[in-house]
Amino acid sequence: MTESRKVKIGIIGGSGLDDPDILADRKELVCSNSYGDPSDCLIEGKIKDVDCILLARHGRKHDIMPSDINYRANIFALKEQGCTHVIVTNACGSLKEEIKPGDIIFPDQFIDRTTKRHSTFYDGKDTSLKGVCHIPMHTPFCHDTTILIETAKELKIAFHESGTIVVIEGPRFSTKAESNLFRSWDCDIIGMTSVPEVVLANELGLCYATIAMATDYDCWRDDGSCVCVADVMATMKGNAAKATHILLKAIPAIAKKDWTDIWNKHEACAKSAVMLPVGPKNTVRAPVCQPLMQPKDLEVSHSDLSLNETESN
């Protein structure tokens, strides 16, 4: 039952933040699910006695480009392992002068400009979740994770407590015309991985929050400057340390909070978004509160997952 659940944090580390050393008592879990293999093994451990799972979004060798990430397998694996929250880090470009390289942003909205990605678990395949999911996206990021914002304030880290991230397909960076177009839409930052990740987390009723780390000004400025990998990686070193400090301090505070009502709200929203086919072909019924997982998946326990566990180095 919901009342007996404990907080378990899934951490998806983006560029520059997938260091397993942030976890104590860690072990590796090699797993797969009906959506395929996650980007890498899951690393299970604790942050100050709070159960956590770390996953490197691009793989630990950083050899998976944004379009090729198996976002569905990643999010589904975290859900199967009992995660209640997903906190992710993203490198991003700034589209506003006041958002400086090195600043932290906690986005609350997104604009999706991706084109090649599976964005739902409900895709009609026999091995997928059944039905059609019209998940609401009015509030994609969990606003109840304001603990992250409060933590950044306590740590005196420069941050912006809200913002719209435009998500592009990548892996190329934007043209100056595109960058200025996104600025005309009043976007604040630009990245490549928030979508469909946040959408999929919502479909499974997970609390999802992003720590976005500005690394550059993209290419909209008139001084001739443009984003390049070397500059991004140089800034990421400092940003990764800031994000790590936020996680280490915020996660114990998140675990102390009573999330029961919030979990119920998220899961009720996810359940009611699913339309199940019934009767004659092409006939559907109104949304019903079906289980988030299909019956077969609901019965999965840690002992049933057939995971190969090995102690990490």
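# Salt bridges, burial and a helix pair

Q: What makes Lys176 and Asp222 a salt bridge?
A: The closest N and O atoms of Lys176 and Asp222 are 3.1 Å apart. A salt bridge is a side-chain nitrogen of Lys or Arg within 4 Å of a carboxyl oxygen of Asp or Glu, so this pair meets the definition. This is a predicted model: local features need pLDDT of at least 70 and side-chain atom pairs count only at pLDDT 80 or more, while totals for chains, interfaces and linings use all residues. Residues are numbered from 1 along each chain as its sequence is written, and side-chain values use heavy atoms, with hydrogens and water left out.

Q: Why is the pair of Lys176 and Asp222 said to tie parts together?
A: Lys176 lies in helix 3, and Asp222 in the loop between strand 12 (207–216) and helix 5 (229–256), so the bridge joins parts that are 46 residues apart in sequence. Helices (H or I, at least four residues) and strands (E, at least two) are DSSP runs, numbered from the N terminus.

Q: Why is Asp222 called exposed?
A: Its relative accessibility is 70%. Buried means under 20% relative accessible area, exposed over 50%, and partly exposed in between (1.4 Å probe, protein chains only), so Asp222 counts as exposed. Lys176, with 39%, is partly exposed.

Q: How do you know whether Glu44 and Lys8 are buried or exposed?
A: Glu44 has a relative accessible area of 16% and is buried. Lys8 has a relative accessibility of 9% and is buried as well. These two residues also form a salt bridge, with their closest N and O atoms 3.2 Å apart. Glu44 lies in strand 3 (residues 42–47) and Lys8 in the segment before strand 1 (9–13), so the pair links parts that are 36 residues apart in sequence.

Q: How do you know which residues join helix 1 to helix 4?
A: The axes of helix 1 (residues 71–80) and helix 4 (residues 194–203) come within 9 Å and cross at roughly 35 degrees; axes are lines fitted to C-alpha atoms, for helices over the stretch in contact, with angles running from 0 to 180 degrees between N-to-C directions. Tyr71, Arg72 and Ile75 of helix 1 touch Pro196, Glu197, Leu200 and Ala201 of helix 4, where contact means heavy atoms within 4.5 Å.
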